Amino acid sequence: MFKNPNPYINAAWQGNNKLGIYVAVFLLVIIANVLGSIPGGWALIEWKSSPDSLPVYAVLAMMLLGFVTSVIALWLSVQHIHKRNPLTMIRPTAAVDWGRVAKSGGLWVACTAAVEMVTYLSFPEKYTLSLNWAEFLPCVVVGILLIPLQTSFEELFFRGYLMQGIGSWNLWAGVVITSVLFGLAHSFNDEIEAVGSLGIAMIYYIGVGLFFALLTLNDESLELPLGIHATNNLYAFLIVGYPSSSAPSSTIWMLTEFNFSLMMIQWVVAVGLYLLLAPRFLGIKLNRN
């Protein structure tokens, strides 16, 4: 039995770590996602053909159902098939610090808002106030209830389940493969067409996955990416939206155009701020071996 020096990766060995089980669970989760996504697919087609046919919050809710079924399938599979505590996908001791998850999300929102403010002051013509209270308030409820489930599934599946499983045999294969899979999972997003190049878009999405993977390994837990991913998506769904978004929502501000290059620059700067402030506010050491 190969043991990795990283305790987070070693959590995979707490249960049944056979390759065949990973293949079976992977397929089970995909099937759960596809079945759960059927209502969302129907709602999105209806809404695009006739925007007045369904309220935005209903479309958003149905689109997120696939992630609800997926996270349930993954959680039960780890518990009953792998025979280990699903919380070990977050922290190897299963003692998750949810307050730290929240602090990580709060720090990310602060960094994102700071970058957004600088962008707004530099290019105010790129922003327009789009707040519609009748649509916004229901979207807030749906977003707070379901978006954290969507982002938690992605983190648990890619950085938790798969990176621990693949990484238990080869650490860097786990990092690279899961980052690429994370990128490919976003290759059907509507904004890909607006970017005009799948390859360029994949640089961003795989880069995001790689950042989350390395942050997880360094911190030896999934707490920080869980917070970042949830608040990042809530921010995009409720605060500042952009044309060609992969999911409809009602935001406070809307960008007048989808500028992918600017979005990548904003993300890189936000990551830099987060990494600069995280050691002080979250108690992590970025040079941990």
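A residue counts as buried when its relative accessible area is under 20%, and as exposed when that area is over 50%. These cut-offs apply in the views below, all taken from a predicted model.

**View 1. Thr151, a buried residue of helix H6**. Helix H6 covers residues 133-167, and Thr151 lies in that run. The relative accessibility of Thr151 is 1%, so the residue counts as buried. The side chain of Thr151 has a polar atom 3.2 Å from the backbone oxygen of Pro148. Beyond the residues up to four places away in sequence, Thr151 touches His229, Ala230 and Asn233.

**View 2. Helix H3, largely enclosed by the rest of the structure**. Helix H3 spans residues 56-63 and has eight residues. Seven of them are buried, which is why the helix is described as largely enclosed. The buried set is Val56, Ala58, Val59, Leu60, Ala61, Met62 and Met63. What do these buried residues pack against? Their partners are helix H2 (19-49), helix H4 (65-80), H6 and helix H10 (223-238). H6 is also the helix that holds Thr151.

**View 3. Asp219 and its polar contact with Ser221**. Asp219 belongs to helix H9, residues 198-219. Is Asp219 buried or exposed? Its relative accessibility is 6%, so Asp219 counts as buried. The side chains of Asp219 and Ser221 are joined by a polar contact of 2.9 Å.

**View 4. Lys83, a loop residue with positive phi**. Most residues other than glycine have a negative phi. Lys83 has a phi near 60°, a positive value, and is not a glycine. Where does Lys83 sit? Its place is the loop between H4 and helix H5 (98-122). Lys83 counts as exposed because its relative accessibility is 61%.

**View 5. Ala94, a buried residue in the loop between H4 and H5**. The loop that holds Ala94 runs between H4 and H5. Phi of Ala94 is near 70°, again a positive value in a residue other than glycine. The relative accessible area of Ala94 is 17%, which is under 20%, so Ala94 is buried. Lys83, in contrast, counts as exposed.

**View 6. The whole chain, for orientation.** How many helices and strands does the chain have? The count is eleven helices and three strands. Along the sequence their order is α-α-α-α-α-β-α-α-α-α-α-β-β-α. A compact globule of 289 residues would have a radius of gyration near 19 Å, and the chain, at 19 Å, agrees with that. Along the principal axes, the C-alpha atoms fill a box of roughly 60 × 40 × 35 Å. Of the 289 residues, 49% are buried. Among contacts with a separation of 6 or more, 73% link residues 24 or more positions apart.

**View 7. Surface and charge of the chain.** The accessible surface is about 13,600 Å². Carbon and sulfur atoms account for 70% of that surface. How many positive and negative side chains does the chain have? There are 13 positive and 15 negative side chains. The centres of the two sets are 19 Å apart.

Key: Residues numbered from 1 in each chain as written. Predicted model: local features only at pLDDT ≥ 70, side-chain atom pairs only at ≥ 80, totals over all residues. Heavy atoms only, no water. Helix = DSSP H or I, 4+ residues; strand = E, 2+ residues; numbered from the N terminus. Rg over C-alpha atoms; globule rule 2.2 N^0.38 Å. Buried < 20%, exposed > 50% of the residue type's maximum accessible area, 1.4 Å probe, protein only. Contact = heavy atoms within 4.5 Å. Areas by Shrake-Rupley, 256 points an atom, 1.4 Å probe, with all protein chains shown as cover. Lys, Arg positive; Asp, Glu negative; His and termini not counted. Charge placed at Lys NZ, Arg CZ, Asp CG, Glu CD. Polar contact = N/O pair within 3.5 Å; in protein donor to acceptor, adjacent residues only side chain to side chain.
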